[in-house]
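Hi there,

Here is the structure I promised to pass on. Have a look at it first, and my notes on what I found follow just below.

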Amino acid sequence: MGKIQMATPLVEMDGDEMTRILWGWIKEELLSPFLDLNTEYYDLGLKYRDETNDKVTLAAAEAIKKYKVGVKCATITPNAARVEEYHLKEMYKSPNATIRSCLDGTVFRTPILVKGIEPCVKSWKKPITIARHAYGDVYKNAEMKIPGAGRVELVYTNEKGEETRELVQEFQESGIVQGIHNLTSSIESFAKSCFSYALDCHEDLWFSSKDTISKKYDHTFKDIFQEIYEAEYKEKFEKENLTYFYTLIDDAVARIMKAEGGFIWACKNYDGDVMSDMVSSAFGSLAMMTSVLVSPKGYFEYEAAHGTVQRHYYQYLEGKQTSTNPVATIFAWSGALRKRGELDGNAELEQFADKLEQAVLKVIESGKMTKDLAAITTDTSVTVLNSLDFIKEIRKELEVI
Ligand code: NAD
């Protein structure tokens with residue numbers, strides 16, 4: 001049988017360390033034998049980012065704007081130790097942050113459910129997707145230590161030089177203050193990405209904040225979501241029998257613990273940061289969490305939620321076999337291929353993406369898995385495989401599906 005053709009390229013962004021090794025094996029064993037893989041390749045490995053003064057990351061982001069769909073391998077975000085290890089010219093920004101600021105998107109993280117790996121929360125039967133707003137709030141703040149008595153005010157000066165003031169606190173003793181902000185345009189993009197993604201996945205959307213306490217800040221988030229919903233999405237949601245549901249963050253947390261799953265939970269920046277780790281850990285493992293950046297302009301970038309698995313890479317360099325879990329990276333590829341197929345009207349490609357995911361789940365459900373999953377499965381007869389053997393088992397399955 002001939003290989004499946006792809007009319008439009010996918011933007012392929014290679015990465016670092018163990019995930020870069022997995023990337024090569026996934027292409028060799030699971031993609032190239034079945035697809036005439038059409039990608040525009042960008043090497044976001046740290047060495048090449050340094051050689052290009054990080055221009056390659058911007059070029060990759062521009063390519064996603066052109067082709068609309070990208071798939072990204074995990075990459076190193078340099079810190080002081082990495083600057084030394086790789087003899088870097090500078091401490092570059094995280095590629096994810098660079099790409100996100102170019103595409104202006106929201107990140108959606110979804111756990112991959114498989115029989116034998118049971119969520120800690122018994123009621124969870126379907127995945128819960130976390131949509132995290134990725135701009136502003138405490139991540140772009142101004143903070144001050146207040147040494148002693150004195151007045152702290154918020155001062156807004158408009159373009160004409162006119163001031164508006166709001167008292168924060170009349171300090172009688174030492175303390176601390178923090179100033180945070182957000183932008184209407186960013187909240188609008190966040191809301192639109194969430195509504196579009198919910199329609200795309202055919203799932204309900206929840207959004208939560210603390211508007212009863214934060215009557216201007218959080219309330220603005222609530223209002224913007226509601227206005228955009230009414231104006232642009234209400235009809236579409238009703239037609240699809242979907243619900244948009246706003247509630248307080250504390251109520252959302254309480255409800256989540258009793259819910260079945262199968263919906264998207266949109267969170268403000270900090271809430272999303274905290275809740276996505278809670279959700280991924282409770283569903284099983286970071287290695288079973290997919291991540292997609294969705295821009296309101298219709299660009300999609302797929303990746304695994306985890307990092308480059310540095311410790312395994314050093315073992316690999318010593319010539320040792322590692323049992324690194326490639327599932328989230330495989331699902332990044334299947335997600336991107338499915339979206340490519342959908343946008344190009346290429347049903348064969350969409351079916352291939354489904355089959356690839358089915359093959360992965362079938363192998364795990366047959367008791368063959370990587371070490372991290374073996375440690376948390378309820379399955380009593382398990383064969384622990386190294387990464388390449390696990391990928392080869394998936395290939396065998398894919399050949400017969
Ligand atoms: P990590 O996700 O690589 O590892 C965290 C822990 O989870 C480790 O104990 C690791 O062994 C385990 N783990 C993660 N994925 C696994 C997998 N697929 N199979 C088995 N075990 C797995 O995060 P880290 O150690 O904090 O960071 C390592 C590097 O990755 C850093 O340089 C960081 O900058 C980068 N990073 C990149 C991304 C990204 O590109 N999206 C995200 C996070 C971290």
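Please keep in mind that this is a predicted model. I would start with a pair of helices: H1 (residues 17–31) packs with H14 (residues 387–400) at an angle of about 25°, and their axes are 10 Å apart. Angles under 35 degrees count as roughly parallel, and H1 and H14 are therefore roughly parallel to each other. The crossing of H1 past H14 is right-handed.

Which residues meet there? From H1 come Leu 22, Trp 25, Ile 26, Glu 28, Glu 29 and Leu 30, and from H14 come Ser 387, Leu 388, Ile 391, Lys 392, Ile 394, Arg 395 and Leu 398. Sorted by class, this contact of H1 with H14 has eight nonpolar, four charged residues and one polar.

Next, the sheet. It is an open one of 10 strands with mixed pairing, and the order is E2-E1-E3-E14-E13-E4-E5-E12-E10-E11. At the edges stand E2 (39–43) and E11 (244–248), each with a single partner strand, so one side of each has no neighbour in the sheet. On average, neighbouring strands of this sheet are turned by 20° against each other, direction ignored.

Within the sheet, E3 (residues 69–72) pairs with E14 (residues 300–304) in the parallel sense, over four bridges.

Finally, helix H8 (residues 249–256) lies across strands E5 (128–132), E10 (204–209), E11 and E12 (263–267), and runs at about 110° to E11.

Notes: Residues are numbered from 1 along each chain as its sequence is written. This is a predicted model: local features need pLDDT of at least 70, side-chain atom pairs count only at pLDDT 80 or more; totals for chains, interfaces and linings use all residues. Side-chain values use heavy atoms; hydrogens and water are left out. Two strands pair if DSSP finds at least two bridges between them. Helices (H or I, at least four residues) and strands (E, at least two) are DSSP runs, numbered from the N terminus. Axes are lines fitted to C-alpha atoms, for helices over the stretch in contact, and angles run from 0 to 180 degrees between N-to-C directions. Contact means heavy atoms within 4.5 Å. Angles under 35 degrees count as roughly parallel, over 145 as roughly antiparallel, 65 to 115 as roughly perpendicular and the rest as oblique. A crossing is left-handed if the near helix is turned anticlockwise from the far one by less than a right angle, and right-handed if clockwise. Ala, Val, Leu, Ile, Met, Phe, Trp, Tyr, Cys and Pro count as nonpolar, Asp, Glu, Lys and Arg as charged, and the others, Gly among them, as polar.
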